[in-house]
There are 4 protein chains.
Amino acid sequence: MTKIRIVILGASGYTGAELLRWLLNHPHADVVALTGDSQAGKSIGEVYPHLSHAYSHTLISHDAVDYQNIDLVFCCLPHGTTQEILALVPHHVRIVDLSADFRLHNLESYQEWYGHAHRAPQLQRDAVYGLSEIHAQAIRAARIVANPGCYPTSILLSILPLIQASQIEPDRLIIDSMSGVSGAGRKAVQGSLFTEVNEGVKAYGVGGHRHVAEMEQEVSNAAGKELHISFTPHLVPMNRGISSTIHTHVTNGNKAAQLHATLSAFYADAPFVQIMPLGIMPSTHEVRGTNLCRIGVADDRRSGKAIIVSVIDNLVKGASGQAIQNMNLMFGLPEVAGLNAVAVFP
Amino acid sequence: MTKIRIVILGASGYTGAELLRWLLNHPHADVVALTGDSQAGKSIGEVYPHLSHAYSHTLISHDAVDYQNIDLVFCCLPHGTTQEILALVPHHVRIVDLSADFRLHNLESYQEWYGHAHRAPQLQRDAVYGLSEIHAQAIRAARIVANPGCYPTSILLSILPLIQASQIEPDRLIIDSMSGVSGAGRKAVQGSLFTEVNEGVKAYGVGGHRHVAEMEQEVSNAAGKELHISFTPHLVPMNRGISSTIHTHVTNGNKAAQLHATLSAFYADAPFVQIMPLGIMPSTHEVRGTNLCRIGVADDRRSGKAIIVSVIDNLVKGASGQAIQNMNLMFGLPEVAGLNAVAVFP
Amino acid sequence: MTKIRIVILGASGYTGAELLRWLLNHPHADVVALTGDSQAGKSIGEVYPHLSHAYSHTLISHDAVDYQNIDLVFCCLPHGTTQEILALVPHHVRIVDLSADFRLHNLESYQEWYGHAHRAPQLQRDAVYGLSEIHAQAIRAARIVANPGCYPTSILLSILPLIQASQIEPDRLIIDSMSGVSGAGRKAVQGSLFTEVNEGVKAYGVGGHRHVAEMEQEVSNAAGKELHISFTPHLVPMNRGISSTIHTHVTNGNKAAQLHATLSAFYADAPFVQIMPLGIMPSTHEVRGTNLCRIGVADDRRSGKAIIVSVIDNLVKGASGQAIQNMNLMFGLPEVAGLNAVAVFP
Amino acid sequence: MTKIRIVILGASGYTGAELLRWLLNHPHADVVALTGDSQAGKSIGEVYPHLSHAYSHTLISHDAVDYQNIDLVFCCLPHGTTQEILALVPHHVRIVDLSADFRLHNLESYQEWYGHAHRAPQLQRDAVYGLSEIHAQAIRAARIVANPGCYPTSILLSILPLIQASQIEPDRLIIDSMSGVSGAGRKAVQGSLFTEVNEGVKAYGVGGHRHVAEMEQEVSNAAGKELHISFTPHLVPMNRGISSTIHTHVTNGNKAAQLHATLSAFYADAPFVQIMPLGIMPSTHEVRGTNLCRIGVADDRRSGKAIIVSVIDNLVKGASGQAIQNMNLMFGLPEVAGLNAVAVFP
């Protein structure tokens, strides 16, 4: 089989590096070019010493890409910077965008959360929200896939099947998530310094994290009505991992057992989503370095409520791994191609 | 002023060591004896090398204590082991017990959560629940103070004043807490190994952590009715710290601002409880190594709800620091004696 | 090609789990059985939840193994327990032993360091010291390979080629190494608790770590004379990784540049050993989760001395990865089969 | 007793915050003003939330300080920026400078290591190198004390008494040190991000760390001849702590026992330097958060050599704690005033 010829835009960020980690052993991937405007001219090994033995590419500027022989773009640029750049990509090239720029179908909603009018509204309309297990069919046919945020991936995989089955009340969700620091990227900011993060935890973005927008979009779609979600992220001293604790109000006297059965059936054939035995909660240690999502369900002490815990590696299933999974879907490859792995534990 | 003559039972655990850290600079404390059955005969410096320059005591067995010249016992023994031992302490000696053995006033409730009948029911009846800021008056007069659990301390300080003021609904509380590993003590168990904890997070005890019992006791008392709490603890890779995210349903159209005002007034003179500016959430970094509790309040995205984040150092305000604060109350000392400190940051 | 049929003895330790992580994607490996005496009867997923989706094996006791259809044993049992067990393995089965039991060719030296006479002296005589890049030829033909220790691997790969080339003085080596905690295994001991290790470093085993024995064996062989090494290990708060800082006295007025040239030539075709540019030191971050060894060389401030820094992942190149590399050599496979990877960074 | 009226220049760095942590409980300190040019106008609680309850000062610019009623300046400004500023401080004010600017008595040496001519040579000549236990007498009388670097403090305390006693060879020292990340300060740089540091170690500055200069100055003075030191620092994933492993060649057939006796005698009355029992090595855990230096001595496996391990908290004895110790000496206070503490463990 011929290989998919790939460009990574913005390869100098952590999601770019993580794509390269997985693509090394992907049987159908050919990484043709890497871009990085501020670091153009450097080899990828200078930017990421750990990649030096595996890739000899030199970073080029975004507009130096020759798209003629390219099949796919992974776009790892920061939020807000991708719209004009992706609008110029020739139409024969398919796109998986890891930024937040194309996740919101509603242009007003985009403007509200991001503070400016969308700059590529046509592309926005074409974009498919790339939550692989939920939107696989649309992803297969999509030209542009908006790869979901890390928090939303951990949360939506757990609750969308339950909302579709009307087993939980979609407008009474309360979610507390914990994330590792790599979610903040490689930018040198005081709040991400080792000394500021280590040996402590911190709730942040209370009441207003931007990932709320895409979660409310997907939950509202599944519920058939506009609704709001209570979501509180917390920063935890670890490199990788997201764990979301989701408090649900069940419908019709359901118990965790019914939710568990629904999720187990829904994901019976999904290679990357694993439902824990009833009452057992997963740990992010079990998915570190993998494209897995593990979900546990248990009854709450208060009747009428069930607790769901969902864990992923934010850089893999929450970003680059799911991006490759989407590539596999888009190009008719086995969904697991290049993504089979066991957690790096300990 | 004469000094309080102190025995620490079970000094070889982390709470014992933390008591010794603070008592070193306490102007009115005289540590007379340390016990530790399995390590009796060793110097405290052999058990804890970091204490070797400050204390030269040799651990003795529990029954080798001569109580004649003792004023106060700090009991740091494991849950379930203190009842018979404390029942034998002469009546002139006052007690601060850091275990869970005397926290539940209801003997049936104790039996239900701990699996056996209480072995010192008379003492149990005398015990005061030692949440310093809430029960200061009773603590001053108590012979035996049951020092609260770490999770309950972080949570109850936030919600009891609001329940007493009828500003939140006490039967709709949802609480997610994160704790450092020192809460598990110094026992060598696989789940507390560095390699098992580092670089990951994990929900545990979902639906059934024993600290629920004392929280429900206090909340029920404040609310004037029996009720249940939804509480989920999480283990986080850090030594010290607890952060509790508390989801509340407000009453009467209240907003975070009203809750904030109530808490600010309630704790106006409390030296160790600090209410953050409205909408600002505290980090455990800010209280690491101190007896402080910091509380933040913000409106949730969903109307009718407010989010409270409360942070403490689990070994200090959540254990040994609050124990000394209670000693200060019991002996008529300034509440802050020996406990003034700024967080060890970074 | 037919697959190599494999048994892992002692699969419940970290090196066993790490073997399984790599073997999942190895094109020529068939894991037939896993043993673990104390946990026999449990599924591997109960022992290691992160493996539950990839392996459904149940642990059996060591003597329940049917060796008839087995080609290779990986032995991951603790030091001192493997000799009798391996002596009973049928002769058609080849062995890679990850313990220290067969690393010392000299039986008196074994007795001196391990405190008892060797219990399988014949097997000992057959064993090849499995430092892949140095002893590849002997490993290919060996029936039993004694997989090197983690510290020795990081150190010997750096210095043996230089000693063979007479560019450094073999009897004046001073080595300080730092290791992550996984090197201590999964046994529940107080010294490996998160709280005891986190936020600190500690020199240990000063003057007498057992890995000295195999290093002195190999260095003495290369130098053609008996000599002693100064080696001090340090425990560092991280899961994985070893970094060794090696202080050398150069011969004949050599500088780091000559050492660098020698190492570069020696490892020109070695897929897993990478010599950094002259004067650049590697970090363990660059090899985390890989079978790589990276080596940097620089002149010391004092003339006549050069400093070498060598980094590996102690569980991979320092244990299970090198074991698979040795399997590849023994069975005529490409050395890199199943071992290609980029570091898990961040 | 009247209090010492203090200004902290550059209070927004970690050493400034650490000074404030200790001065809170110092019986003779009165913090009058805090400066911070880039953050002037902010309260210290905005810059460091953990200080908000203890200090209400607003940062002012350096030239807004009114020195009329000031007795002492702690200068925490970055290296290279303090010379002009301190030259303008009125002569009645005494100075403890925590930067490297006044540590080198030799102006050419300063120029060589720091790349520019010294800008306050007269002040430089007056400065005393503030290694408290070694230069106490000169410190008491000094107007300006150059507080030592963190690495040099850990190392020089160990070796200077042995060199003065001619028990080790001063020109054959080989030193490997490990440091926590707080040594790099609070500046937002990529290399100090949590994700870049966590789960790995790294040698850096091989052959050329600036702290070499002050170590060679002090060692050369003690030895009575110019000499060079081999020093390699390593970055370790922890907030605080330095451990130095010092390889010495003993003289006259000395053993570790003789070195141990010499150090024990030298520091018999030193409240902050503790010599471990012979053969026992200290851990940085034992000194975390304290002004202690702990030193262990053991024979090396190679005869003629002894290994010394010396640990401190880099922010305390390696910076702010020693600065306060020097203040105590300068103002005739007990050396331990305000500095008594037990390590924050776990």
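**Entry 1: how the copies relate**

I laid chain A on chain B and got an RMSD of 0.0 Å, with a turn of 180° and a shift of 0.0 Å along the axis. The superposition is by least squares on the C-alpha atoms of residues with pLDDT of at least 70 in both copies. That is the relation of a two-fold axis. The same surface serves both copies, since 100% of the contact residues of chain A recur in chain B.

I noted the ground rules next. This is a predicted model, where local features need pLDDT of at least 70 and side-chain atom pairs count only at pLDDT 80 or more, while totals for chains, interfaces and linings use all residues. Residues are numbered from 1 along each chain as its sequence is written, chains are lettered from A and ligands numbered from 1 in the order in which they are written, and side-chain values use heavy atoms, with hydrogens and water left out.

**Entry 2: chain A against chain B**

How many residues does each chain bring to the contact? I found 48 residues from chain A and 48 residues from chain B. Contact here means heavy atoms within 4.5 Å.

Then I looked up the buried area (the accessible area, with a 1.4 Å probe, that two parts lose on being put together, summed over both). Chain A and chain B bury about 4200 Å² between them, and 56% of it lies on carbon and sulfur atoms. Which residues of chain A lose the most area to chain B? They are A:Glu199, A:Arg301 and A:Arg302, together 20% of what that side buries.

I turned to the charged pairs. A salt bridge is a side-chain nitrogen of Lys or Arg within 4 Å of a carboxyl oxygen of Asp or Glu. There are two salt bridges between chain A and chain B. I looked at the one that joins the side chains of B:Arg301 and A:Glu216, at 2.6 Å from N to O.

Polar contacts came next (a pair of N or O atoms within 3.5 Å; within protein, one must be able to donate a hydrogen and the other to accept it, and residues adjacent in sequence count only if both atoms are side-chain atoms). I read 34 residue pairs in polar contact between chain A and chain B, both at pLDDT 80 or more.

The side of chain A that touches chain B divides into 19 nonpolar, 15 polar and 14 charged residues. Ala, Val, Leu, Ile, Met, Phe, Trp, Tyr, Cys and Pro count as nonpolar, Asp, Glu, Lys and Arg as charged, and the others, Gly among them, as polar.

**Entry 3: chain B against chain C**

Here 19 residues of chain B are in contact with 19 residues of chain C. The buried area is about 1700 Å², and carbon and sulfur atoms give 55% of it. I found two salt bridges across this interface. One of them joins B:Arg186 and C:Glu196, at 2.8 Å from N to O.

Which helix gives the most to the side of chain B that touches chain C? Helix H8 (residues 194-197) of chain B does, with four residues. Helices (H or I, at least four residues) and strands (E, at least two) are DSSP runs, numbered from the N terminus. By class, that side of chain B has nine nonpolar, six polar and four charged residues.

**Entry 4: a sheet in chain B**

I traced an open sheet of six strands in chain B, in the order E2-E1-E3-E4-E6-E5, with parallel pairing. Two strands pair if DSSP finds at least two bridges between them. Strand E2 (29-34) and strand E5 (128-129) of chain B stand at the edges with a single partner strand each, so one side of each has no neighbour in the sheet. Two bridges join E5(B) to strand E6 (residues 144-146) of chain B. B:Tyr129 has B:Ala146 as its bridge partner in E6(B).
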